[in-house]
Amino acid sequence: MKPAGILVTAGILLCNTINLIANADYTYYSGDYTIIYDISGDNTISIKKCSGNGETFYIPDTIDGFPVTEIQPSAFVTCTNIRTIKISNENQYFSVRDNMLMNHSGNTLIKYTGTDNKPEIPYGIETIRSHAFFGSQAEYIEIPETVSYIDDYAFVGCTYLKSIDIPERVEYIGKGCFFSCPYLNSIILPQGIEKICDDTFYACPSLQELIIPESVLSIGTDILSPPDKISYNPVIYGFYRSPAKEYAENNNITYKMIGDVNNDSVINASDSSYVLSDYASVSSGKESSLNHSQAICADINRDGVINASDASAILSKYAEISSGG
């Protein structure tokens, strides 16, 4: 019988060897591409990154006898020429629809490779992964109401992107999500977002207005590039006592308070009367007297229309402020 100490030592060495194998990087060649992958402890393959210049990328069923079950975030960052992703018929972990690589259940978008200027993310997607649209030529992107989580850098480097609607169900938008989107011009963040992460809209020189909901409790650093007051002078719209005002003041960015329709830096009955008067005028068939900025501040309930409900909500906010709330 071997001494207990030798058996323990041998067991440790065996475990360390297994861990080294599980964490090692391996290389696999698929057409025009080189795939770097690792083997997890349960003997499954995770694609970590790839390199190559071909237009077609093939995901096999297995590599070295192990099933390919995972593609790590940012795996395709250096594969900017991919236009088509094909999957082995035997692979049960991924699917492709309309040039969108998804997990097999269809609730996670991994990568978009198409060239449409207005791609539609499939209904049912709940998570948009990191770098999913990196380098995309899309100008307008439709995000379905099923999406709740947008990962770090999901839309980084979308150099054609002009407009994107973020649905109300989204609760998280990651760090640097829209970093370096030079033509993105307006963003309305949905109610439910509690944190704006670092660098979210940095290097977006066309972004003229950022509307921050009342739900936001914290704002990271450099969410916008510093204004130069000549070619880039964004406006942040936020709610009373929100961190949006502090961030704007600390970064020399113009700030306007939602509910302050007449732009006198307070919310009171005058703002409510302003909204009611304009609503009555529009209801009678006349043009609204509100300019673009006033309209944003007047729509305090953020439903896209300005009416008596907004006037009532402004009065309620005034009462709350007056009582010390």
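Is Phe155 buried or exposed, and at what relative accessibility? At 0% relative accessibility, Phe155 counts as buried; the term stands for under 20% relative accessible area, with exposed set at over 50% and partly exposed in between (1.4 Å probe, protein chains only). The model is a predicted one, in which local features need pLDDT of at least 70 and side-chain atom pairs count only at pLDDT 80 or more, while totals for chains, interfaces and linings use all residues. Residues are numbered from 1 along each chain as its sequence is written, and side-chain values use heavy atoms, with hydrogens and water left out.

The sheet is described next. Strands (E, at least two residues) and helices (H or I, at least four residues) are DSSP runs, numbered from the N terminus. Two strands pair if DSSP finds at least two bridges between them. Five strands make up an open sheet with mixed pairing, in the order S1-S2-S3-S6-S5. Strands S1 (25-30) and S5 (62-63) stand at the edges. Each has a single partner strand, so one side of each is left without a neighbour in the sheet.

S1 and S2 run antiparallel and are joined by six bridges. Tyr29 has Thr34 in S2 as its bridge partner. The hairpin of these strands has two residues between them, and Gly31 takes a positive phi near 60° there. S2 (residues 33-39) and S3 (residues 45-52) also run antiparallel, joined by seven bridges. Ile35 stands opposite Cys50 in S3, and Tyr37 has Ile47 in S3 as its bridge partner. Five residues separate S2 and S3 in their hairpin. Asn43, in the turn, has a positive phi of about 60°. Six of the seven residues of S2 are buried, so this strand is largely enclosed by the rest of the structure.

Aromatic contacts were examined by ring geometry. A pair of aromatic rings is described by the distance of the centres and the angle of the planes. Rings of Phe, Tyr and Trp (its six-membered ring) pair if their centres lie within 6.5 Å; planes under 30 degrees apart count as stacked, over 60 as edge-to-face and the rest as tilted. The structure holds nine aromatic pairs. Phe133 and Phe155 form a stacked pair, at 5.0 Å centre to centre with 20° between the planes. Phe133 lies in the loop between S11 (127-128) and S12 (140-142), and Phe155 in the loop between S13 (149-150) and S14 (163-165), so the pair ties together parts that are 22 residues apart in sequence. Phe133 is also buried, with a relative accessible area of 0%.

Phe178 and Phe201 form another stacked pair, at 5.4 Å centre to centre with 10° between the planes. Phe178 lies in the loop between S15 (172-173) and S16 (186-188), and Phe201 in the loop between S17 (195-196) and S18 (209-211), so this pair ties together parts that are 23 residues apart in sequence. Both Phe178 and Phe201 are buried. One aromatic cluster is formed by Tyr112, Phe133, Phe155, Phe178 and Phe201.
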